[in-house]
Amino acid sequence: MTANRITLDLGDIRITGIEASGRPGMPLLVCLPGGGYNASYFDVAGYSLVDAARREGFPVVSLDRPGYGGSTALKGEISFRRNAQVLQGAIVELWHRHLSNAPGIVLVGHSIGGAIALHLAAGYRTWPLLGVSVTGIHDESQRSNEALKSEPPTSSVEFNREHLLRFMYGPEDTYDPSVLDIAKRAESPVPIAELVEVAGQWCTDFAGIAARIEVPVHYGLAEHEGFWHSSDASVAAFGSAFTAAPSVAARRILGGGHNIDHHYVGAAFHKEQLDFAKGLVSPAQQ
């Protein structure tokens, strides 16, 4: 791991994460992990987007979302909308740190973190958003959330190894089994409310959120998804919802499972994400 731990104090809320510096002129990458993972999801040894970004000169931050790592848990409403509101404040602080060197911000989100990145991209911002790259999120769920609705929304659940193998990784020939042990430090309990929303209200809200996004969008969905209907048609339909975006690159990632970053094809996809981010600024700025 090459990143440093950071803490952002936002009044009565604290957001933690990891940060690696880059060179002037490169966009600041702000990464949001999905349900069940803290900021280290993007910095697993041998599978690190943070390392790949650093080597390319990007300043990069991966944040612990509210309730994960050292970040303050949400009180009252636990939702993607509230996540975005809190993280908006954290990104303001990050932008103040980097504005003298970076031309703007690129959001990178995985799974529930991708949904929250899209909420941020669709909302009011006081920082320059250049583009957004999301994976592992869709609006056609394979899973029902009915059984979870009876659980207290403030309670959390930890994914066991069987859940990880079934939902996060998929076919054995798509990843090195040792990654599950290496990524153990990135695991965190996921609030029940997040699992209820991602298979429910999110799927209803998505089209309206996507239609308000006015920056370039980069999107990937794994072939072997444990949560979403994955087909060329479903990926194209998801991409077509970004009606106000100046460009949309959406594709199905063959040979990958939900945690695409931790699969054999993860490194190539990281390069694709970084190439997307580079393309959002002129060569003269880099």
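Phe 80, Trp 202, Phe 206, Tyr 219, Phe 238 and Phe 242 are linked into a cluster by ring pairs. Rings of Phe, Tyr and Trp (its six-membered ring) pair if their centres lie within 6.5 Å. By that rule the count is ten aromatic pairs. One of them is Phe 206 with Phe 238, a stacked pair, 4.2 Å centre to centre with 10 degrees between the planes. Stacked is the word for planes under 30 degrees apart, edge-to-face for over 60, and tilted for the rest. This pair links distant parts of the chain, since Phe 206 is in helix H7 (residues 201–210) and Phe 238 in helix H8 (residues 232–240), 32 residues apart. Helices here are DSSP runs of H or I with at least four residues, strands are runs of E with at least two, and both are numbered from the N terminus.

Buried means under 20% relative accessible area, exposed over 50%, and partly exposed in between, with a 1.4 Å probe and protein chains only.

A word on the source. This is a predicted model, in which local features need pLDDT of at least 70 and side-chain atom pairs count only at pLDDT 80 or more, while totals for chains, interfaces and linings use all residues. Residues are numbered from 1 along each chain as its sequence is written, and side-chain values use heavy atoms, with hydrogens and water left out.

Next, strand E4, residues 60–63. Val 60 and Ser 62 point one way from E4, Val 61 and Leu 63 point the other way, and all are buried. In a regular strand the side chains alternate between the two faces of the sheet.

Last, Asn 259. The residue lies in the loop between strand E10 (248–257) and helix H9 (266–278). Asn 259 counts as buried because its relative accessibility is 0%. Leaving aside neighbours within four places in sequence, Asn 259 is in contact (heavy atoms within 4.5 Å) with Tyr 37, Tyr 41, His 110, Met 168 and Tyr 169.
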